[in-house]
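Have the sequence and the 3D view open while you read.

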Amino acid sequence: IVGFQDVVNASGDELFGRLMTFIDVFTPKSLPYFVKLSASVRRQDRLVRFRRRLAQMVQHEPGALQPSLQSGDVSIVLNAVAILGMMATRKVVPFLQRLVNHPEPAVRVEVIEAVRSAGESAIVTRFLDLTRAVLMVVGP
């Protein structure tokens with residue numbers, strides 16, 4: 001799957017479109033490899049399309065993203081969180097809640113956006129209140 005790196009960044013859209021169709025051949029167990037590949041997509045429009053396709057692939061098995069969510073590579077975690085956010089369903093919230101205290105601020109921001117997309121604004125409010133409380137105790 002990592003060999004598709006040239007395809008996701010090919011100059012023409014036809015080859016990329018074929019890859020989007022070809023993804024149907026793979027099972028959700030392949031998802032961590034595709035998430036890793038998504039970190040190398042250079043064009044924003046393709047990245048969004050690629051993430052949406054992966055969100056469709058995993059819609060019934062969001063747990064297939066767990067290895068990517070636990071990665072030490074921030075770009076992989078960010079892509080996995082964004083994919084969960086695109087699913088726009090409450091069943092992804094337990095996976096996202098585990099990341100609200102992630103050491104990387106970009107991951108925490110992406111988690112907030114994903115939780116909001118899942119329709120759980122109350123969790124976002126609690127997270128922001130907790131963050132404010134911590135900052136008041138320890139300082140910025």
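1. Let's begin with the aromatic rings: this predicted model has four aromatic pairs. One of them joins Phe4 and Phe22, with 5.9 Å from centre to centre and 80 degrees between the planes, an edge-to-face arrangement. The two partners come from distant parts of the chain, 18 residues apart: Phe4 sits in the segment before α1 (5-8), while Phe22 belongs to helix α2 (residues 13-22).

2. Next, have a look at Ser38, which you'll find in helix α3 (residues 31-38). With a relative accessible area of 2%, Ser38 falls under the 20% cut-off, so it counts as buried.

3. What does Ser38 touch, leaving aside residues up to four places away in sequence? The answer is Leu47, Phe50 and Asn79. With Asn79 there is also a polar contact, side chain to side chain, at 3.4 Å.

4. A word on confidence before you zoom in. The protein has an average pLDDT of 86, and 84% of the residues score at least 70. Confidence is highest in helix α6 (residues 74-87), with a mean of 96, and lowest in helix α9 (residues 121-138), with a mean of 62.

Definitions and conventions:
Residues numbered from 1 in each chain as written. Heavy atoms only, no water. pLDDT = per-residue confidence, 0-100. Helix = DSSP H or I, 4+ residues; strand = E, 2+ residues; numbered from the N terminus. Buried < 20%, exposed > 50% of the residue type's maximum accessible area, 1.4 Å probe, protein only. Polar contact = N/O pair within 3.5 Å; in protein donor to acceptor, adjacent residues only side chain to side chain. Contact = heavy atoms within 4.5 Å. Phe/Tyr/Trp six-rings, centres within 6.5 Å; stacked < 30°, edge-to-face > 60°.
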